[in-house]
Amino acid sequence: MADSKEKLFSDFSPVSTEQWMEKVTADLKGADFEKKLVWRTNEGFKVKPFYRMEDLEGLKTTNALPGEFPYLRGTKKNNNEWFVRQEIKVECPKEANAKALDILNKGIDSLSFHVKAKELSAEYIETLLKDICAECVELNFSTCQGHVVELAELLVAYFQKKDYDLTKLQGSINYDYFNKMLAKGKEKGDMVATSKALIEATSALPKYRVLNVNALTLNNAGAYIYQELGYALAWGNEYM
């Protein structure tokens, strides 16, 4: 593998930053690079459309290792695998299942189903997940906050029926009490009681995450990046 990689790169001559900029400038046909391609965050940071090796000079991350304090390169030590997720709003479980099977064959390895609480049943879950190998794909679910425990119980029963190794299954149930409260402007339900019941219902699924922080709501409401990050951390801390 190393030899093929070396051969691959030897077939291409290196391209300098100046050459990249010449090509970009030509493609812009006179338009201003800064205005067209550089994103300015609310905090005043400039995010460039591409970065080069010289942009790493002076960064502390180059001397840090993954999984080691102060975690500048993340908390994962053994691997840094990312899932490619597709969200599906379920109107009909049979149609959603067909869509899921189709995109799984196109490289998706994480599915997110938004299911209707009033239609939840063992048959509904069976239809939705037909022919989907739960040990081979990450499965995520969201539904009405008042029905997350019911959803959890149905999923565990289904996985047990299919004789899966529950310790291997990865996924989540999107219970986010604070997000709903912020979005609707009022509290609904008992956070502690629901959280406890949800954790107990999914105790057989150690790799399932069930208490969530959806900070995108803050971003969509106009929060700056540092505000979104700060509130998300406080949000998670409150759950803890």
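Predicted model: local features only at pLDDT ≥ 70, side-chain atom pairs only at ≥ 80, totals over all residues.
Q: How many of the residues of S5 are buried?
A: In a regular strand the side chains alternate between the two faces of the sheet. Buried means under 20% relative accessible area, and S5 is mostly covered, with the buried residues numbering five of its five.

Q: In which order do the five strands form the open sheet?
A: The edge strands, each pairing on one side only, are S3 (85-89) and S7 (208-211). S4 (residues 110-114) and S5 (residues 138-142) pair in the parallel sense over five bridges, and three bridges join S5 to S6 in a parallel run. The pairing in the sheet is parallel, and the order is S3-S4-S5-S6-S7.

Q: Which residue in S6 is the bridge partner of Phe-141?
A: Strands of a sheet pair through backbone hydrogen bonds, either parallel or antiparallel. Phe-141 in S5 is the bridge partner of Phe-113. In S6, the bridge partner of Phe-141 is Ile-173.

Q: Through which helix does the chain cross from S5 to S6?
A: S4, helix H5 (residues 122-128) and S5 make a right-handed β-α-β unit. The β-α-β crossover from S5 to S6 is right-handed and passes through H6. Residues 148-161 form this helix, which lies across S5, S6 (171-175) and S7 and runs at about 165° to S6. The helix asked for is H6.

Terms used:
Residues numbered from 1 in each chain as written. Heavy atoms only, no water. Pairing = 2+ DSSP bridges. Helix = DSSP H or I, 4+ residues; strand = E, 2+ residues; numbered from the N terminus. Contact = heavy atoms within 4.5 Å. Axes fitted to C-alpha atoms, helices over the stretch in contact; angles between N-to-C directions. Buried < 20%, exposed > 50% of the residue type's maximum accessible area, 1.4 Å probe, protein only. Right-handed = clockwise from strand over helix to strand, strands pointing away.
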